[in-house]
Amino acid sequence: MAAYYSPSSSLVFNVTRKEPELIVPAEPTPHEFKQLSDIDGQESLRFHVPLIHVYPNNNSVEEDPARVIRKAIAKALVFYYPLAGRVREGPRRKLSVECNGEGLLFIEAEADVRLDQFSDADLLPPFPCLDQLLYDEVPAQSHAILNYPILIQVTRLKCGGFIVTTNVNHTMLDGVGVFQFLRTVGEFARGATQPSIPPVWERHLLNARHPPRVTHTHLEYTQIPNDYFPPLSTLIQRSYFFRRNELSALRRQLPPDLAHLCSTFNVLTALLWICRTIALSPDPEDEVRVMILVNIRTRLNPALPPGYYGNGVVYPAAVTTARELTTTESKTASLEHAVEKVRKANAEVTDAYVKSVADLMEVKERRPVFPLKGSLVVSNLTKLGAEEVDYGWGKAVYAGVARGGTADVGVVTFYMRFKNREGEEGVVVPMAFPSQEAMIKFEKELIRRGLDGSVQRRRTPKINGFSRQSILSRL
């Protein structure tokens with residue numbers, strides 16, 4: 001795996017792994033082929049997502065977490081047996097799962113580090129020593145989703161805590177689905193005999209119509225010339241922590257009628273879109289866009305059934321020029337303009353819109369991907385129950401993605417819940433930048449708009465011998 005630079009972490013440790021093993025369902029399961037939906041099969045979803053849950057020691061539990069989780073996975077796979085299979089590609093690049101029971105790849109490991117050696121910044125993406133916490137990270141190429149198992153590594157820490165790292169094929173399940181599955185594993189680990197939410201496959205509900213009819217303009221797939229953004233392995237990554245009170249103050253910058261119409265997620269997305277565009281300094285007439293992953297489960301008519309664990313997401317785009325986004329009369333006016341764009345893009349997602357996306361995938365055999373140049377893609381994981389995954393040791397001190405970006409693309413970010421050691425709650429957002437200069441410009445813009453972004457207040461880490469605050473003051 002490539003080394004991802006984290007300017008806030010210097011923690012280094014070693015992990016010793018046992019030989020990987022395949023965990024098969026605890027009971028016999030059907031050997032069959034199950035088709036993935038046309039929404040599942042989007043080119044932009046053909047990658048793996050690394051997730052991390054970090055658990056402290058619980059002195060009241062004497063069991064070995066690796067043994068407990070291994071047994072629980074086998075029980076959960078009886079109900080989620082397609083996840084023990086392998087993705088195959090057929091004519092016109094259609095995807096299916098061969099439910100052959102080959103199993104999920106499981107790795108047991110030991111790390112020579114204690115949880116108290118992790119600072120708050122070390123418990124945020126990009127995680128230190130991720131290449132050791134996640135066995136055999138899947139290559140970025142899309143073909144790696146084929147014939148490849150889901151991976152779970154359980155790494156015990158010297159203090160009795162442990163880290164669970166999961167690498168998930170996004171074509172098989174989305175954020176709702178993966179945390180539903182992991183919560184089910186947790187339920188079995190705590191003694192359950194049935195999942196509290198029965199899993200539902202029903203992928204045909206998100207297939208293209210016959211004949212397909214593309215009825216909407218899909219700006220998220222607009223192809224642009226010279227479409228390039230540096231690969232993730234070359235980027236500088238840092239996570240930013242936005243406290244609840246800061247987010248509330250941000251909403252108050254908007255006119256009351258607009259603040260009432262939009263969510264905190266939309267306001268934060270608009271702000272990050274502005275600050276990142278300023279940091280990257282595109283040509284003023286360049287198109288810039290933000291794509292918002294929207295959970296479509298309740299926007300369809302009828303709604304998807306509870307327990308559906310396939311991809312129930314689309315990502316409409318808000319588009320404008322760099323000039324319009326960043327050079328309006330005042331900071332407040334700029335934010336208002338961006339929020340309106342984000343809100344309207346989100347509101348576009350209806351039953352008809354989703355059907356149009358599925359039809360577009362059928363019409364385009366190559367399945368169009370979102371543009372990279374001038375783009376930011378955001379996925380809100382704060383309401384998906386990541387922190388509710390409990391294997392019997394209680395809640396994790398961190399639950400979410402292991403790093404920003406997806407596959408080898410650095411334009412995707414995620415919003416996750418987090419509480420720092422000072423007890424402050426808020427949202428964590430990992431961001432990736434092509435240069436240190438761009439990162440500092442981004443941080444300067446955050447500070448200008450009243451947001452701290454650091455995990456701990458008054459923290460001023462050194463960058464090349466200078467504090468971040470002193471560097472910002474020179475720009």
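**Figure 1. Val15 in strand E1.** Val15 sits in strand E1, which covers residues 15-17; strands (E, at least two residues) and helices (H or I, at least four) are DSSP runs, numbered from the N terminus. This is a predicted model, in which local features need pLDDT of at least 70, side-chain atom pairs count only at pLDDT 80 or more, and totals for chains, interfaces and linings use all residues. Residues are numbered from 1 along each chain as its sequence is written, and side-chain values use heavy atoms, with hydrogens and water left out. Val15 counts as buried because its relative accessibility is 14%; buried means under 20% relative accessible area, exposed means over 50%, and partly exposed lies in between (1.4 Å probe, protein chains only). Setting aside neighbours within four places in sequence, you will find Val15 in contact with Ala109, Glu110, Ala111, Gln132, Leu133, Gln153 and Thr155, where contact means heavy atoms within 4.5 Å. Arg156 is 141 residues from Val15 in sequence, yet their C-alpha atoms are 9.2 Å apart in space.

**Figure 2. Phe442 in helix H10.** Helix H10 runs over residues 436-448 and holds Phe442. With a relative accessible area of 0%, Phe442 is buried. For a sense of scale, Leu258 is 184 residues from Phe442 in sequence and 25 Å from it in space, C-alpha to C-alpha.

Figure 3. A disulfide is a covalent bond between the sulfur atoms of two cysteines. Here a disulfide is counted when a pair of cysteine sulfur atoms lies within 2.5 Å, and by this rule the count is zero. Cys275 is in no disulfide, and the nearest cysteine sulfur, that of Cys262, is 16 Å away. Cys159 is partly exposed, with 27% relative accessibility.

Figure 4. Pro125 and Pro126 are joined by a cis peptide bond with omega of about -5°. Pro126 belongs to the loop between strand E7 (104-111) and helix H2 (130-133). The other view shows His210 and Pro211, also joined by a cis peptide bond, with omega of about -5°. Pro211 is in the loop between helix H3 (175-189) and strand E10 (236-243).

Figure 5. Asn147 is not a glycine, although its phi is positive at about 60°. To find Asn147, follow the loop between H2 and strand E8 (151-156). Asn147 counts as partly exposed because its relative accessibility is 46%. Ser281 is likewise a residue other than glycine with a positive phi, near 50°. Ser281 lies in the loop between helix H6 (264-280) and strand E11 (287-292), and is partly exposed, with a relative accessible area of 44%.

Figure 6. Is Val369 buried, partly exposed or exposed? At a relative accessible area of 32%, Val369 is partly exposed. Not counting residues up to four places away in sequence, Val369 touches Glu43, Ser44, Glu220, Tyr221 and Gln223. Val68 is 301 residues from Val369 along the chain, and the C-alpha atoms of the two are separated by 40 Å.

**Figure 7. The whole chain, as a setting for the close-ups.** The chain has 11 helices and 20 strands. Its C-alpha trace spans about 65 × 60 × 40 Å along the principal axes. Of the 475 residues, 58% are buried. Among contacts with a separation of 6 or more, 83% are between residues 24 or more positions apart.
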